[in-house]
Every structure is written in structure tokens, then in C-alpha cells.
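Biologist: I'd like to go through this model with you and ask where the labels come from. Can you show it first?

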Amino acid sequence: MTSRLRQRPAWRKLEEHFEAIKDVHLRELFADDPHRATKFSAEAEGIYLDFSKNRVTDETMALLMQLARESGLEERRDAMFNGAHINVSEDRAVLHVALRMPADTSLMVDGVDVVAQVHGVLARMRDFCVNVRSGQWKGATGKPIKNVVNVGIGGSDLGPVMAYEALRHYSQRDLTLRFVSNVDSTDFAEAVRDLVPDETLFIISSKTFTTLETLTNARSARDWVTTTLGEHAVARHFVAVSTNDQLVAEFGIDTSNMFGFWDWVGGRYSMDSAIGLSTMLAVGPEHFDELLAGFHAMDEHFRTAPLEKNVPALMGLLGLWNRDFFGFASVGVMPYEQYLKRLPAYLQQLTMESNGKHVTLEGEVVDYDTGALYWGEPGTNGQHSFYQLIHQGTAIVPVDLIGFARSLNPIGPHHDILSSNVFAQAEALAFGKTEAQVRAEGTPEHVVAHRVMEGNRPTNVLLCEVLTPRLLGSLIALYEHLVFTQGTIWDIDSFDQWGVELGKVLAVRIIPELEASEEPVLDHDSSTNELIRRYRAWKQR
């Protein structure tokens, strides 16, 4: 049975259109239209998007806009902003946009003004951060806090880590920030190796306060503190980002130092909620407010701009065109800004956990590709590792190249050298080098084939002025709404993550089998049984 998406007139026209242009080269497209760069660009909230080096024409873009409208993108977008329960499998609203709405606005959801709730938590966060940053908050021995360790996983870690690294230039440098997420004990051991308990504050970030990895690390942190300072120290060296008052209190954390959020905030969309407490501690309330303002500005652009100039919608549609018609399975994100070194890892969760789905909202198996593999590395590091495959490999990888006109740390010619690579890589990927050009360089004939580069490899260039908290907020919101755009057209739920659960459930079953003093009775498949036996034998040696 053909899916609803494939039955849409625009999809069918796109299939015909793709057959007509699939072999057209970007060299031809640029030669035929001297105004192509201006035509295929858009700008929003300090981010200039040049998408002219995608394999699209005027007709392509018109059909993608038609597909978006036939798929109800604008209506579903408005439903999200109005608090409708668009997360159908969990019957929840999807309101990360409410986390950054100004205090003088209001949004009623299920009879509650969620904006008022958000700003109530933000006010408490600000007071707490001012106390810690100023030294007024004292540990159990009367010393101020010099070290903050965020303990979380997934969205409770990737967002805070990325934001801290991205905004390190704006951080309070006498405050050390560390992050623990992996249940591998090495992660915790190395995070606290050079710290002392009486100057260290732990933020335990878990909505339910039951996440196995986070609570395992939290208990190790508790032991690390209480072994030196005693049980009474927990209240001065631990705070929680959670909604579970009972378990937080049982852990020993004063619930007045618990910062909550709501079930309409998905983990991968939560970095600007109380999950961002470590970010606010690092950069201060004022810069955190700028971050929120950047998020909100891009929200408003996505909500109000026509699709033809709507940067998140454009990027989402281009990604869908590359994924579903050309069959390009991955997307590279290459920030030419060292502070954004954790951005690709953050976007991996945002994109793949959101749109890695195989059924529609109605539960029908899709008959088209959804999601793409996201990966990347800061430039120019990636150019000396995997760019070889991007330029000459058999798999074509569309790339987002993110550049900045100014450096936060200007030293000599560094930034111009760095930025030249943004433009050079986009040019090289698009136009490559022909046999004729290679021969014109005097290349020996037996080497010519090795030096030819096909080009015709799509890129988006996102050019910004300088990395600020506000710009970071806008950039992240752009990718959030890109994900929403694609999920809407693919007719999937971008806001659940049931695929995360099965492995976790099976792991809980296996733990006692690994810990058992006597040989356990195993009833897994033969491979899993043998692996467990081998593990136990080596562990006991």
C-alpha cells in the first residue's frame, strides 16, 4: 500500500522532476544562472544561509514548498506553538518553544500558563547561580564552590556540555565545570580526580530521578563526598534538576534546591530549561537570558516567515530532498569554530533520536527513508581526516559548513586562514576538478584519474558574524525546527524515543546475571549466553 506521502501530488511531481535533473551538474546550474547565489540564499537572526550549492532549481524549490504545504507544515507548526498534543504516542504537548518565551507573554496549555511556570523556575535558577558564582553559597566546611560537576546522560548531558564548550569565552574562569554521563566508572573517576569534595557541587540531572546511568554516577558522587565530609554534607554539595520530589529527598538533596521542568520538554530539547543550570552557572544569568532570546528570535522567524524565506524550513526541505530523492544517507556538520566542537555530537541526538522512526503517526510502516546519519568535526581538523571520502569517495555526503566572520580570540592570520577553508571546501565540493584541468597542470597521464574530483556534492554554508550566546540560541533553534519540518512531511512523531528503551530493559535483566556469585541460568540466544559466560570467566580471573 502506498503511503500518504507518496500519494501527494507534489511528491509525484518531485519524482518526475528528479529523473529529469538527477544528472545535472552544479557547474551547469551556476553557468546558466549568474544570479544563482543570490536567489538561493536566506537570512535570519544573524545566520546567512547560502544553499545555492545544492542540486536544486527553481522548479525543485517550488515543488518542495508545495510538498510542505500539502503536508500541513504551517498548520502543524501553529499547533505546536499553541500547545496542541502533537506528540501522539505519549499524548503530550511539545513546548520547548515555551522555555524561551518572554516573561510578559502567556501560553495556556491544559488550563495552565506554562510561560509563568517557566519564568518561576528561571527566577530560582538565577538566584541560585548568583549565590554560587559570588561565593555566597558555602559547602559543608564553609568554603565557596570552585567546581561544578553536572551528572546526566542524553539530553541532560549533551546540551549542557555543548553549551558550556560553545560559550566558554563568556564563562567565569575561576569556576571549573565538568560533566559525567557515561556509566563507565572511568568517566566519573577522571572527572573528580583533581577535585576536592568540600569545594565541589554536583548537579544531578534526571527528570524522573530513576535513570540508571545517572543514578549510578550520582551514588558514586555521593559516596565520594560523604566519605570525606559525612552524610550531612549532601545538602550543601548536591542539587537536582528533576520532577521527582520524593526520590530527590530520599537521596538527601534539599527539595528547595530542586529545579523542575515538565513532560512537554523532551530531553533533547531541554538545554534551555532547568537542564541548563550548569550553563547558567558557567556564563551567568545575563548571558543565559541572551541565549534564550536567540532561541526565541529564531522561533518567531520559523513561526512567521513565509516558507520561501524560512531558514529552518528551507534546510529541512533540502535535507529531505537529499535523503529521499538522491538517497544521501548522512549529513556532515562542520563548524569552523573550535568553541562549537561538541555541536555535531549534540545534533546527532537532536536529529537521529527525533527522526529515526519507521512508522507514521498512525502506526503504518513508512515506504520512504526517514532521518539521516549526522556526524562531524570542527574544521580544519576534519579536512585532514575524512574529507578525502567527502571529495572522492563513492558515498556522497551533504555538508553544513558553519563559519564566522570574526573570531573571539583574534591572533595574527589564524582566522582568515580558517575561514578561507569554509569557502574553499564549499567551492571544491561543488565544482571539483575535471580531467582537462588536471592535465592542464602538467599532471602525468597515469596519475590523472587519481586527481580528478567529480564535484557536484551539496553543501549549505551558514555564515555568521561572531559566536555569542544569542547566536548560539538561534543556531540550535534553527536545527530544532529543521527536524520538525522533516518530521512533519515524513508524517512521523519527532518527539518520542521508544527505540531507546529496549536495550535498556534488556540490560537491567542482564546486570544480575553478570553480578551473580553462582553460575546463573541463562536463557538468551546462544551468542548472548556465550558472551556473558566469557565475561564472567574473565572478570573472575
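Biologist: Why is D91 called exposed?

Modeller: D91 has a relative accessible area of 53%. The rule is under 20% for buried, over 50% for exposed and partly exposed in between, with a 1.4 Å probe and protein chains only, so at 53% D91 goes into the exposed class.

Biologist: And what ground rules apply to the numbers?

Modeller: This is a predicted model, so local features need pLDDT of at least 70 and side-chain atom pairs count only at pLDDT 80 or more, while totals for chains, interfaces and linings use all residues. Residues are numbered from 1 along each chain as its sequence is written, and side-chain values use heavy atoms, with hydrogens and water left out.

Biologist: Where is D91, and what is its phi?

Modeller: D91 belongs to the loop between α6 (73-81) and β3 (108-109). Helices here are DSSP runs of H or I with at least four residues, strands are runs of E with at least two, and both are numbered from the N terminus. Phi of D91 is near 50 degrees, positive even though the residue is not glycine. D110 also has a positive phi, about 50 degrees, without being a glycine. D110 sits in the loop between β3 and β4 (112-113), and at 63% relative accessible area D110 is exposed.

Biologist: What makes W11 and Y368 an aromatic pair, and what kind is it?

Modeller: Rings of Phe, Tyr and Trp (the six-membered ring for Trp) pair if their centres lie within 6.5 Å; planes under 30 degrees apart are stacked, over 60 edge-to-face and the rest tilted. W11 and Y368 come out at 6.2 Å centre to centre, with 50 degrees between the planes, so the pair passes and is tilted.

Biologist: Which parts of the chain does that pair tie together?

Modeller: W11 lies in helix α2 (residues 9-21) and Y368 in the loop between α16 (343-355) and β11 (373-375), so the pair ties together parts 357 residues apart in sequence. W11 is buried at 1% relative accessible area, and Y368 is buried at 7%.

Biologist: Why is the pair of W262 and W264 called stacked?

Modeller: Their ring centres are 5.0 Å apart and their planes are at 5 degrees, so the pair is stacked. W262 has 16% relative accessibility and counts as buried; W264, at 8%, counts as buried too. The count for the model is 24 aromatic pairs. One aromatic cluster is formed by W11, F18, W321, F325, F326, F328 and Y368.

Biologist: How is the packing of α7 and α14 described?

Modeller: Two packed helices are described by the angle between their axes and the distance between the axes. For α7 (residues 114-134) and α14 (residues 285-304) the angle is about 145 degrees and the axes are 10 Å apart. Axes are lines fitted to C-alpha atoms, for helices over the stretch in contact, and angles run from 0 to 180 degrees between N-to-C directions.

Biologist: Which residues make that contact?

Modeller: With contact meaning heavy atoms within 4.5 Å, α7 brings L122, R126, C129, V130 and R133, and α14 brings P285, F288, D289 and L292. By class that contact has 6 nonpolar, no polar and 3 charged residues. Nonpolar covers Ala, Val, Leu, Ile, Met, Phe, Trp, Tyr, Cys and Pro, charged covers Asp, Glu, Lys and Arg, and the others, Gly among them, are polar.

Biologist: Is C129 buried or exposed?

Modeller: Buried, since C129 has 0% relative accessibility. C464 is buried as well, at 2%. The disulfide count is 0, the rule being a pair of cysteine sulfur atoms within 2.5 Å.

Biologist: What makes S278 buried?

Modeller: A relative accessible area of 1% makes S278 buried. S278 is in helix α13 (residues 277-283), and, not counting residues up to four places away in sequence, S278 touches N150, P160, L177, F179 and I203.
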